[in-house]
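Student: Could you take me through the pockets of this protein, with a close look at what lines them?

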Amino acid sequence: GILKTFTGIEKEQNTNYRDIDLSHREYFQIPKQNKIPYISTVIDSNDNVPRMYISFPILEINQTRLSESESNLNLTDFKGVMVASIAAKTLGNFLEGQIHPKFNGDIAFMDRDGTIIYTQNQTYIGKNIFGNEFQLYLKSILKGKAAEFNNIINKALNSESGLNEFNFENTSTTIAYEAVTGLKINESDKFDNSIGTLFITIPH
């Protein structure tokens, strides 16, 4: 779990990160234990920048076990991980660039734990939608409808796709959502490593 090299290692401001122990991070532990790729939720990095991490295990075939009747994973030894990261703000800016300027609605993206990666109202980017700060804000604007809204979001984060109607005062809003998955392939050749959920809301 020792950081051996990374982009920008030659820069003076990165001196303190050389040979740092990152073995406690899930993006190291999960590929080590399961020998599969991993996508993290939003993590506050050592430089205090919230990022998402994608890690791949580095595996070496163990020649002494090639003739034994074992699974392919048991034939390999774990040597470390290769990791790529993207700042949550950068991912949010990318999503913003995909929105048509005349789109009459809102697009939001949350990681699988409910951390807000992007929304057009950028005040709460990086905050957890179920955290105290956002919940206080939600109750102040939705009042008695906050629990219903939370139920829709919670359902969306645990579903593949769907839509719900949310009515508040004189406005009805359609909330459509789609799970974003990638990497880890299951036995059915489907992507099943949840990254987060994309939301589209349209008032009418």
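**Pocket linings**

Tutor: Gladly! The largest share of the lining of the largest pocket, eight residues, comes from β4. Helices (H or I, at least four residues) and strands (E, at least two) are DSSP runs, numbered from the N terminus. This is a predicted model, where local features need pLDDT of at least 70 and side-chain atom pairs count only at pLDDT 80 or more, while totals for chains, interfaces and linings use all residues. Residues are numbered from 1 along each chain as its sequence is written, and side-chain values use heavy atoms, leaving out hydrogens and water.

A pocket, on a 1 Å grid over the protein atoms alone, is an open set of points where a 1.4 Å probe fits, with protein on both sides within 12 Å along at least five of seven lines; lining residues have an atom within 4 Å of a point. Besides β4 (76–87), α1 (26–34) and β3 (50–61) each supply at least two residues of the largest pocket's lining. In total 28 residues line this pocket, and L3, T5, F6, L22 and V83 lie nearest its centre. By class, 15 are nonpolar, eight polar and five charged (Ala, Val, Leu, Ile, Met, Phe, Trp, Tyr, Cys and Pro count as nonpolar, Asp, Glu, Lys and Arg as charged, and the others, Gly among them, as polar).

Now to the second largest pocket: α3 gives the most to its lining, with five residues. The 26 lining residues of the second largest pocket comprise 19 nonpolar, five polar and two charged ones.
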